[in-house]
Amino acid sequence: MTIASTTQLICFAVLAFTVVAGALGVVLLPNVVYAAFLLGGVFLSVAGLYLMLNASFVAAAQVLVYVGAVNVLILFAIMLVNKREDLSAIPGLALRRVLSGLVCGGLFALLIRVAFTTPWGSGPEPVGDEATIRIGEHLFSDYLLPFELASVLLLMAMIGAIVLARRDVFSQDIATGESVDQGLIEKARTPLLLDRSGR
Amino acid sequence: MFVLSGYDAFLGFLLISAAVPVLAIVANKLLAPRSRRGERELTYESGMEPIGGAWIQFNIRYYMFALVFVIFDVETVFLYPWAVAFHRLGLLAFIEALVFIAILVVALAYAWRKGALEWS
């Protein structure tokens, strides 16, 4: 066993342990903030696994999109809505746990079956460092239109987010017809949605 | 097996950066005086006295910054293969990427115009 393969084995063991332990922490921890940060750790470890599979572009996209974007949005959503409150137990909790356990166990069994029946090792040769360059060449030749459409999609997402957060396009709430507070940005503590229960 | 041989330095950086917080906390445990009274119990807030707990509802304005950040974060993913393959692609790809960036500059201008980047 050479030094490189030993290093690889140790890296894989550490990353796999981090992924499994972090994912269990996300599910089991009662504090949702800890769960969100652990989810970021799980995403980073998965990016490390991609790196070990010589998929450097997928690893970079994993870090940028999942850790940078998705996890940041999750954390911000927690920061915006979370108030400490006592949650009451959901009725029929045991039945729900059994059902979700069955679904997860079935999915797990399916994945194990796929892992054992797939003929690994066949298929095209991995290109390693070349992969990102190959992706770039395809993106700017035969996948040019989807690439440019992605920027239009991002533009639409930005405008939609600003319109939804500011709500100054609609002067009235769509559902109730009541007038909506203008200029949400300027007023610090205004809730995003009208409080209909209090009226 | 380990085709990406250039990642030895990356692994080194990863180990060093993982050691920094561990060393900081261990050094704190070993060196710091052990009094646990008064202001030692407070959270460190850059020299300011903390007001209230951290478990509060944060301002909606932070979410706007997060959304704008996410848009340009995703843009980076698309520009990364362009930057790596730049020397093979030529002038046409440069113009195509400029079109891509120009459409997103429109988004930035819209956000700016609508005051999404301002705090006041």
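Student: Is Gly101(A) buried or exposed?

Tutor: Gly101(A) counts as exposed, because it has 10 C-beta neighbours inside 10 Å. For the cut-offs, buried takes 20 or more other C-beta atoms within 10 Å of a residue's own, exposed takes 12 or fewer, partly exposed is in between, and C-beta atoms are placed from the backbone.

Student: Which helix is Gly101(A) in?

Tutor: Helix 4 of chain A, residues 93-117. Helices here are DSSP runs of H or I with at least four residues, strands are E runs of at least two, and both are numbered from the N terminus.

Student: Before I go on, what kind of model is this?

Tutor: A predicted one: local features need pLDDT of at least 70 and side-chain atom pairs count only at pLDDT 80 or more, while totals for chains, interfaces and linings use all residues. Residues are numbered from 1 along each chain as its sequence is written, with chains lettered from A and ligands numbered from 1 in the order in which they are written.

Student: OK. How far is Gly101(A) from Leu80(A)?

Tutor: Their C-alpha atoms are separated by 31 Å, and the two residues are 21 apart along the chain.

Student: Switching to the contact between the chains. How many residues does each chain put in?

Tutor: Chain A puts in 50 residues and chain B 45. Contact means C-beta atoms, placed from the backbone, within 7 Å.

Student: And which element of chain B gives the most?

Tutor: Helix 2 of chain B, with 19 residues on the side that touches chain A. By class, that side of chain B has 35 nonpolar, 4 polar and 6 charged residues. Nonpolar is Ala, Val, Leu, Ile, Met, Phe, Trp, Tyr, Cys and Pro, charged is Asp, Glu, Lys and Arg, and the others, Gly among them, are polar.

Student: At what angle do helix 3 of chain A and helix 2 of chain B pack?

Tutor: About 175°, with the axes 10 Å apart. That makes the two helices roughly antiparallel, a label for angles over 145 degrees. The axes are lines fitted to C-alpha atoms over the stretch in contact, and angles run from 0 to 180 degrees between N-to-C directions.

Student: Which residues meet there?

Tutor: Leu80(A) is among them on the chain A side, along with Phe57(A) and Phe76(A), and the chain B side includes Tyr62(B), Phe69(B) and Asp73(B).

Student: Last one: how many helices and strands in chain B?

Tutor: 4 helices and 0 strands.

Conventions: Parallel < 35°, antiparallel > 145°, perpendicular 65-115°, else oblique. Contact = placed C-beta atoms within 7 Å.
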